Amino acid sequence: MTASRKLLLKIKNSLPGWRLIGGPFLFGFLLLLTPLFLMVALSLWTQNYLDLDRTITLNNYREIWSHPVYTFLIKRSVLISLSVTLITVLLAFPMAYFISFYGGKRKALWLFLITIPFWTSYLLRIFLWKIILGYNGVVNSGLQSLNLIEEPLSFILYNANAVVIALAHAWAPFAILPIFVALERVDRTMLEAAKDLGDNAIRRFIRVTLPLSMPGIISAALIVFIPTIGDYVTPRLVGGTDGLMVANMIQVQFAKANNAPLGAALAITSLMIVVIIALAFLFFNRRYLRRQV
Amino acid sequence: MSSPSSASPNQQGSVMVQLSSIRKSFDELEVVKGVDLQIGAGEFFSLLGPSGCGKTTLLRMIAGFEAPNEGHISIDGQAMDDVDANERPTNMVFQSYAIFPHLSVGENVAYGLKKQRLAKNVERQRVDEMLKMVDLEGLYSRPSYALSGGQRQRVALARALIMEPKVLLLDEPLSALDKKLREHMQQELRRLQRTLGITFILVTHDQEEALIMSDRIAVMFDGNIEQLGRPQEIYERPVSKRVASFIGVMNFIEGEYIGRKGKQLKVRADALGEVLLEQEQMPTEIEPGQVTIGLRPEMMTVLYHKSDKSEKEFNATVENVDYYGDMTYYTVTLPKSDDQVTISMRNTAGRHVYEIGDKVRIGWGSASMVILV
Amino acid sequence: MKSKAPIALFSFVVTYLIFLYAPIILLPLFAFNDSSIISFPLSGFTSKWFVGLWYEETMHRALKNSLIIAVVSSVISTIFGILTARALARHQYIGKKPIFGLIMAPLFLPEIIIGVSLLIVMIQIGLTLNIWTVIIGHVLIITPFSVSILAAAFNNMDRSLEEASLDLGETRFGTFRRVILPLVTPGIISSLLIGFTISLDEFVIAFFLTGIEPTLPVYIWAQLRFPSKLPGIMALGFILLVLSLVLLALFEFFRRRSEALTSGKPSSEHQ
């Protein structure tokens, strides 16, 4: 069969599948891909007060990278996201380990218990963190009544620390679940074999459990890191001025500052940074991502 | 390698399924390469071969799930070219059984009857009768997820048979069952087929199964039928080395076909000397030259007593012994060669079981040999 | 060998759970608290904040908007999920992987990116923001979940079941009605429930794409700056929590049924 006939045959065979997937695909193409391209285009245009100047230029990007206002904000956003990822994953791992290795017959119940707090409105949860961490909040009232401190702590709210705490809470179940799934797949007989070969509990963990659960840890890290950079609500509610992140600035550009092209450029920049970091992360951990034995 | 273009005549009378020059490809790969076949009414017919030989594809084309790229299929005289699977007078027992999980046993069996809009009690009666026939009496309301593998298989059978098809197609129906159950079901299927008189077409890779159950077998390799015939024919007179080694165990001895001597064939092997064979012992007509001679293990025998005689004999040393309880397999080296053969002996009462290193006398006859290509 | 957890791990787990539950314990505390200020010490039990919700007209409108958006979004996403899952499980076609990637992409994009890019399109087209713009955004982020749930249902379903139905004389439509639909229905319900829940609580996209008619989360956001409104918001939050838990329990029930039905594994205890 000639090459063009082969292609025609492949197209003919693709028709039934295309008929089904056409709708969803078109929807995604028109309303996700195209808008994203438009956003890239917009970032290359300039806003002159009420007019949109459509000449292609990299000015918006130059503006971002030359003004400390933006670079500092981006740097802070990245740092916050990395901290949140690190803390969330570090805390999630022992929890997932506990459920997987000691949960017994009630594993599903434990998982259910983990997720209950997160069926409240996200907004309210972050707001409640404000109550907990506030000047007259739970933490301060509690510590004061226990006479552990005299003055209320002020460094726990309206700054980056509060953002990190609140986000580490919000992403907890999203980190616990993938790690749990990976730990479940660790063949217990491998651990028995390691024990048989002389390893004690700590060595078994480091040499067997940890490497085998790495894919889950990597998933958890990505699941937390990627969306966190773009978080709007948490910095706005508990970040004060020192904890604002890039998403807040993007929103400002689209609303008050009426500089949509700059906002778009900020969004694209953040997205690029996220993608680069995520890819780098995957690259450095690629040996854990090869197919499981 | 021969591909018979005319099927051996069947004694059943009329032809139920006719396949003419069937070819089928998937993308670039040709899976069925030109098959002609006639299956008689009331016959238990098996398509036998290794994985990938095209037997399942052939079955699915008869059922109507695949259409041949070339060639025609007709069932009971009616051409099936434009007939969809749901209109054909066939029914299939799938390899995975395909029991509907959301329906009970009774509802599964009655599934195909719904179109007939029978009165409730009539339908129920037919289902109960069928359940009884496949030994699932009383399980009408059992949910299908609560069935064992063997029970599911019988539900699949009942569901197909209640439709009173002209042809019942079975796609490796016993492969998922354990040995004892499989043997039992082999007998059951045979009995059912004889009772009902319906044409059965079975696809299997298990040659024992095909031998036990079938009236005729088509042995397939690589998209072609290599040999078609009754079980005994295929076992005793395989047309090729491939068929010979696929069915049962076969000893292969290298030799030479010298030529004709009258009506007989002169064959020579270093180990066995010169023998004269009958025409039928050469299933495929060939020119004189190097050949492989096939000899089944049970066609040779250990001569226990000095008084035991055989057409031909030779002395050998036992190299290996495999004891199976009812049978013992001895491996010996043939004289004047390096060829080894396996001989099987039934362990009848009092019969001695030899050990490695023992010297034995082996007897054999030329009538059981076959010339293979 | 089920041993007890080492004491260090167990105390960590307890502490961690306290951390996880900290915010939401506050919710019922302040929802029933007889004080218009959200702080300790507590003042006494009252249900007046719940009663007050009954009269909040703006909240009712926001709730109505959210409900409409949630229902429409989850239905559309579920339909997309069915089409996609079916295409994935039963067909091969050019571009299968990239198309799948496109449909699942919203899972990996920050919501603000999706919201902003849609906003740009709407502005460029000159479309005024309304319920439908929010629905579009929600469908984009919910569809990947629908696809996952329904793909599991379709993949579990034995391919031969459809062939068996045809073999027994049923038409294609009859097969869909009698075999496919019943087996996929629990998955459909799961998909609808999870889509509904996601849409109801979604804030960022709604915030960017809502016009004059706010959704419930957008409404809550606006209220958060008014201290007097806060206890009412606590009450609302509590109601939403209970509602979400009920939906979650339903989702779990249907998910298990879906799994049991489509895999139809033979039970080993029966002979």
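How many helices and strands does chain B have? Chain B has 8 helices and 20 strands, where helices (H or I, at least four residues) and strands (E, at least two) are DSSP runs numbered from the N terminus. This is a predicted model, in which local features need pLDDT of at least 70 and side-chain atom pairs count only at pLDDT 80 or more, while totals for chains, interfaces and linings use all residues. Residues are numbered from 1 along each chain as its sequence is written, and chains are lettered from A and ligands numbered from 1 in the order in which they are written.

**Chain B overall**

- Taken along the principal axes, the C-alpha atoms of chain B fill a box of roughly 75 × 50 × 40 Å.
- Of the 373 residues in chain B, 39% are buried, a residue being buried if 20 or more other C-beta atoms, placed from the backbone, lie within 10 Å of its own.

**A sheet in chain B**

- An open sheet of 5 strands in chain B has the order 15-19-16-17-18 with antiparallel pairing, two strands being paired if DSSP finds at least two bridges between them.
- Its edge strands, each pairing on one side only, are strand 15 (300–302) and strand 18 (340–346) of chain B.
- Strand 17 (residues 327–333) of chain B runs antiparallel to strand 18 of chain B and is joined to it by 7 bridges; B:Thr328 has B:Met345 in strand 18 as its bridge partner.

**Helix packing in chain A**

- Helix 8 (residues 172–184) and helix 10 (residues 201–229) of chain A pack at an angle of about 165 degrees, with their axes 7 Å apart; axes are lines fitted to C-alpha atoms, for helices over the stretch in contact, and angles run from 0 to 180 degrees between N-to-C directions.
- Helix 8 of chain A is therefore roughly antiparallel to helix 10 of chain A, a term that applies to angles over 145 degrees.

**Contacts between chains**

- Among the 2 pairs of chains that touch, chains A and C have the most contacts, two residues being in contact if their C-beta atoms, placed from the backbone, lie within 7 Å.
- In this pair, 59 residues of chain C are in contact with 62 residues of chain A, and helix 1 of chain C gives the largest share of the chain C side, 12 residues.
- Chain A and chain B, by contrast, do not touch, and their nearest C-alpha atoms are 9 Å apart.

Technical notes: Angles under 35 degrees count as roughly parallel, over 145 as roughly antiparallel, 65 to 115 as roughly perpendicular and the rest as oblique. A residue is buried if 20 or more other C-beta atoms lie within 10 Å of its own, exposed if 12 or fewer, and partly exposed in between; C-beta atoms are placed from the backbone.
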